[in-house]
Amino acid sequence: MTATQSTAVTTEETVTTEETEQAPARTDLCSGPPRHPRPDGQDSYTISEVAALTGLTAHTLRWYERIGLMAHVDRSHTGQRRYTNRDLDWLDLVGKLRLTGMPVADMVRYAELVREGESTYGERYALLQATRRDVLARIGELQDTLAVLDRKIGFYADAVRHHEEKEKEKRNATR
């Protein structure tokens, strides 16, 4: 991965190397500062290491690269993929997008937009806003479902309590 490619696919959505050098990387865009096993500059991970770190299979990682969800991954002199901390950050974001229920095609489109640069901020914003609306709608549906479950659980808790009281009364009456 070239410097421009690697910076174009970070969770911070940095577009160029020059911007990275001018401003500190933002870590407030996801769940917190990334936790990397190795410091930048010594961050070379094999596909099996990335699979172990992310929970994704090697097949999935290759598929992500093939469909354009991951930018080109650098290769060693023997042709083995070598992932970086930036790649791990990107995979973390992709995992978050998957959890939102975002379709793979939209995730690929988002990745393409990130690689295209600043001119796509508006489209990225719209895509993420639409996803956010979908997530909020799902949360609302889940809250409604939870309320139904709570009512049913309350009903059965009362029924069990009532049944146990009746059984206790029966036992006391036979003594």
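Axes here are lines fitted to C-alpha atoms, taken for helices over the stretch in contact, and the angles between their N-to-C directions run from 0 to 180 degrees. Read in that way, the axes of α5 and α7 come within 9 Å and cross at roughly 50°. This is a predicted model, in which local features need pLDDT of at least 70 and side-chain atom pairs count only at pLDDT 80 or more, while totals for chains, interfaces and linings use all residues. Residues are numbered from 1 along each chain as its sequence is written, and side-chain values use heavy atoms, with hydrogens and water left out.

## Overall make-up

The chain has seven helices and zero strands, where helices (H or I, at least four residues) and strands (E, at least two) are DSSP runs numbered from the N terminus. Of the 175 residues in the chain, buried residues make up 29%; buried means under 20% relative accessible area, exposed means over 50%, and partly exposed lies in between, with a 1.4 Å probe and protein chains only. Contact means heavy atoms within 4.5 Å, and among the contacts in the chain with a separation of 6 or more, residues 24 or more positions apart account for 55%.

Helix α5 covers residues 85-100. The expected span of a helix is 1.5 Å times one less than its number of residues, so the 16 residues of α5 should span 22 Å, and the end C-alpha atoms of the helix, 23 Å apart, agree with this. The buried residues of α5 are N85, D87, L88, D89, W90, L91, L93, V94 and L97, and they pack against α3 (47-54), α4 (58-67), α6 (104-116) and α7 (121-173). Just after α5, G101 takes a positive phi of about 90°.

## Helix α7 and its crossing with α5

For α7, the 53 residues should span 78 Å at 1.5 Å a residue, which agrees with end C-alpha atoms that are 76 Å apart. The buried residues of α7 are R124, L127 and T131, and these pack against α5 and α6.

| Helix pair | Axes come within | Crossing angle |
|---|---|---|
| α6 and α7 | 10 Å | roughly 155° |
| α3 and α4 | 9 Å | roughly 105° |

From the angle of their axes, α6 and α7 are roughly antiparallel to each other. The contact is made by D106, R109, Y110, L113 and V114 of α6 and by E123, R124, L127 and L128 of α7, and by class it has five nonpolar, no polar and four charged residues.

By contrast, α3 and α4 are roughly perpendicular to each other. In this pair, I47, V50 and A51 of α3 meet A58, L61 and R62 of α4, and the residues of the contact divide into five nonpolar, no polar and one charged.

Y110, which lies in helix α6, is buried, with a relative accessible area of 2%. Although Y110 and L69 are 41 residues apart in sequence, their C-alpha atoms are 8.4 Å apart in space.

T120 has its place in the loop between α6 and α7 and counts as buried at 5% relative accessibility. Leaving aside neighbours within four places in sequence, T120 is in contact with L113 and V114.

E123, found in helix α7, counts as partly exposed at 40% relative accessibility. Not counting residues up to four places away in sequence, E123 touches R109 and L113, and the C-alpha atoms of E123 and R109, which are 14 residues apart along the chain, are separated by 9.8 Å.

Conventions: Parallel < 35°, antiparallel > 145°, perpendicular 65-115°, else oblique. Nonpolar A, V, L, I, M, F, W, Y, C, P; charged D, E, K, R; others polar.
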